[in-house]
Amino acid sequence: LGSYQAAINEANALNKINPSLRTEKDEYIYRSYLGLGQYHIICGEIADNPNTSVGLLSIKLVATFFDNPSIKEVALLQMKEWLSDPSASSNKALQIMAGPLYMYD
């Protein structure tokens with residue numbers, strides 16, 4: 001618990017990873033940056049485009065909220081929209097990121 005930098009280092013060392021696991025690896029990396037409070041890295045590296053997974057977007061949403069709590073209502077509306085979408089709601093990272101966001105509601 002709390003070995004965020006070690007998790008980032010280990011995940012970054014995985015060069016030959018199955019493409020289907022690459023997004024999950026990235027989710028662990030960015031969740032570690034979230035734990036370190038390095039929100040600017042998350043917001044700067046996760047792209048807002050249709051190819052970005054909802055899990056990564058949810059991590060970026062929480063990082064943006066932690067960095068700027070005044071967007072709480074917008075963040076909650078976006079999270080609610082994702083959670084009500086049947087194709088997105090089963091995403092593990094999305095479910096995990098809903099917790100801290102709703103904790104501050």
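Mentor: Contact here means heavy atoms within 4.5 Å. The model under discussion is predicted.

Trainee: Which residues in α2 meet α4?

Mentor: On the α4 side, the residues in contact are Gly55, Leu56, Ile59, Val62, Ala63 and Phe66. By class, the contact of α2 with α4 has 7 nonpolar, 2 polar and 3 charged residues. The residues that α2 brings to this contact are Thr23, Asp26, Glu27, Tyr30, Arg31 and Leu34.

Trainee: Are α2 and α4 roughly parallel or roughly antiparallel?

Mentor: The axes of these helices come within 9 Å and cross at roughly 10°. Angles under 35 degrees count as roughly parallel. The pair α2 and α4 is therefore roughly parallel.

Trainee: How are α1 and α2 oriented to each other, roughly parallel or roughly antiparallel?

Mentor: Helix α1 covers residues 4–12 and helix α2 covers residues 19–36. Their axes come within 9 Å, and the crossing angle is roughly 155°. Angles over 145 degrees count as roughly antiparallel. So α1 and α2 are roughly antiparallel.

Trainee: In which hand does α1 pass α2, and which α2 residues does α1 meet?

Mentor: The crossing of α1 past α2 is left-handed. From α1, the residues in contact are Tyr4, Gln5, Ala7, Ile8, Ala11 and Asn12. Their partners in α2 are Lys25, Ile29, Ser32, Tyr33, Gly35 and Leu36.

Trainee: How many nonpolar, polar and charged residues are in the contact of α4 with α5?

Mentor: From α4 (residues 54–67), the contact takes in Val54, Leu57, Ser58, Leu61 and Phe65. From α5 (residues 72–84), Lys72, Ala75, Gln78, Met79 and Trp82 take part. Sorted by class, that contact has 7 nonpolar, 2 polar and 1 charged residues.

Trainee: Is α4 roughly parallel or roughly antiparallel to α5, and what is the hand of the crossing?

Mentor: Helices α4 and α5 pack at an angle of about 165°, with their axes 10 Å apart. That angle makes α4 roughly antiparallel to α5. As for the hand, α4 passes α5 in a crossing that is left-handed.

Trainee: Which element gives the most to the lining of the largest pocket?

Mentor: The lining consists of Tyr4, Arg31, Ser32, Leu34, Gly35, Ile96 and Met97. Two elements give two or more residues to this lining, α2 and α6 (92–103). The element that gives the most, with 4 residues, is α2.

Trainee: What is the volume of the largest pocket?

Mentor: By class, its lining has 4 nonpolar, 2 polar and 1 charged residues. The volume of the largest pocket is about 150 Å³.

Definitions and conventions:
Residues are numbered from 1 along each chain as its sequence is written. This is a predicted model: local features need pLDDT of at least 70, side-chain atom pairs count only at pLDDT 80 or more; totals for chains, interfaces and linings use all residues. Side-chain values use heavy atoms; hydrogens and water are left out. Axes are lines fitted to C-alpha atoms, for helices over the stretch in contact, and angles run from 0 to 180 degrees between N-to-C directions. Angles under 35 degrees count as roughly parallel, over 145 as roughly antiparallel, 65 to 115 as roughly perpendicular and the rest as oblique. A crossing is left-handed if the near helix is turned anticlockwise from the far one by less than a right angle, and right-handed if clockwise. On a 1 Å grid over the protein atoms alone, a cavity is a set of points where a 1.4 Å probe fits but cannot get out, and a pocket is an open set with protein on both sides within 12 Å along at least five of seven lines; lining residues have an atom within 4 Å of a point. Grid points are joined across faces, edges and corners, and a volume is the space filled by probe spheres set on the points. Ala, Val, Leu, Ile, Met, Phe, Trp, Tyr, Cys and Pro count as nonpolar, Asp, Glu, Lys and Arg as charged, and the others, Gly among them, as polar.
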